[in-house]
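Here is a friendly note to read beside the model. It follows the aromatic rings, point by point.

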Amino acid sequence: MARDEGPGADDDGRPGRLSRERVLATALELVDREGLSALTMRRVGAELGVEAMSLYRYAPGKTALLDGVVEALFLQLEDRLARAPTPEAAARAGTPAWRAELHRVALVTYQVCLDHPQGLPLIITRMTEVPLARGAPAVLRDQERVLDALADAGFDDARSVTVLRAFTAWVLGYVSVELRAMVDNPDEPDPAFRLGLYRMSFREVPRLRATAPALAERGGPEGLAAGLDALLDHFIALRR
């Protein structure tokens with residue numbers, strides 16, 4: 001990301017320098033703390049100790065700020081991937097490197113989303129509103145990374161697109177279910193009342209009501225990996 005800097009304030013309030021990285025990181029911190037509804041140019045400026053107008057060279061408006069938060073999330077994904085074990089280590093244990101790489105990308109994406117749950121809806125909605133060619137470089141590199149792994153697996157372009165779509169849908173869909181709101185009354189110690197099961201009709205949704213306590217428990221990385229393996233096994237079988 002470009003390091004375009006200008007006047008601003010340091011974290012301790014003294015005069016310092018602004019940068020795009022700092023503006024977007026501050027925006028993400030604000031979203032983490034107070035949700036997307038709190039994200040405005042004025043609020044981000046206040047967090048940085050500058051006037052909102054000072055931010056327009058880094059994010060020229062609310063829409064650009066939203067896209068910048070997505071960019072910040074994917075830059076964090078890249079940073080974590082750079083520090084995560086490489087797929088070659090898994091390959092030595094018998095897993096093909098391309099498959100290990102897809103698992104690595106899925107797991108780190110899952111971890112970033114869980115650490116920034118307010119950002120996940122933004123990732124999904126911006127996918128439907130921002131044309132592919134206008135995506136931030138970090139977002140495009142994420143898709144390129146998956147396509148590289150699929151090319152290494154021997155999938156042609158057409159099949160790689162199909163698997164990429166399925167991979168993206170599975171990872172983001174899985175995390176969405178993991179982050180699904182379940183607790184009705186956080187102060188209630190009794191599990192049934194904590195989940196508000198009495199609000200659900202036993203006659204209309206008996207199975208959903210019975211399984212709600214299990215739904216409240218996260219599937220974790222194991223569930224993510226199991227679903228991804230099933231998906232990849234399916235596409236490998238189609239090549240035979």
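This is a predicted model: local features need pLDDT of at least 70, side-chain atom pairs count only at pLDDT 80 or more; totals for chains, interfaces and linings use all residues.

1. Residues are numbered from 1 along each chain as its sequence is written, and side-chain values use heavy atoms, leaving out hydrogens and water.

2. How many aromatic pairs does the structure hold? There are 4. Rings of Phe, Tyr and Trp (its six-membered ring) pair if their centres lie within 6.5 Å; planes under 30 degrees apart are stacked, over 60 edge-to-face, and the rest tilted.

3. Tyr 110 and Tyr 174 make a tilted pair, with 6.0 Å between centres and 50° between planes. This pair links distant parts of the chain, 64 residues apart: Tyr 110 lies in helix α5 (residues 97-115) and Tyr 174 in helix α8 (residues 157-178). Helices are DSSP runs (H or I, at least four residues), numbered from the N terminus. Tyr 110 is buried at 5% relative accessibility, and Tyr 174 is buried at 10%.

4. Phe 193 and Tyr 198 also form a tilted pair, 5.7 Å centre to centre with 40° between the planes. Buried or partly exposed? Phe 193 is partly exposed, at 46% relative accessible area, and Tyr 198 is partly exposed at 48%.

5. Look also for the aromatic cluster formed by Tyr 110, Trp 170 and Tyr 174.

Notes:
Helices (H or I, at least four residues) and strands (E, at least two) are DSSP runs, numbered from the N terminus. Buried means under 20% relative accessible area, exposed over 50%, partly exposed in between (1.4 Å probe, protein chains only).
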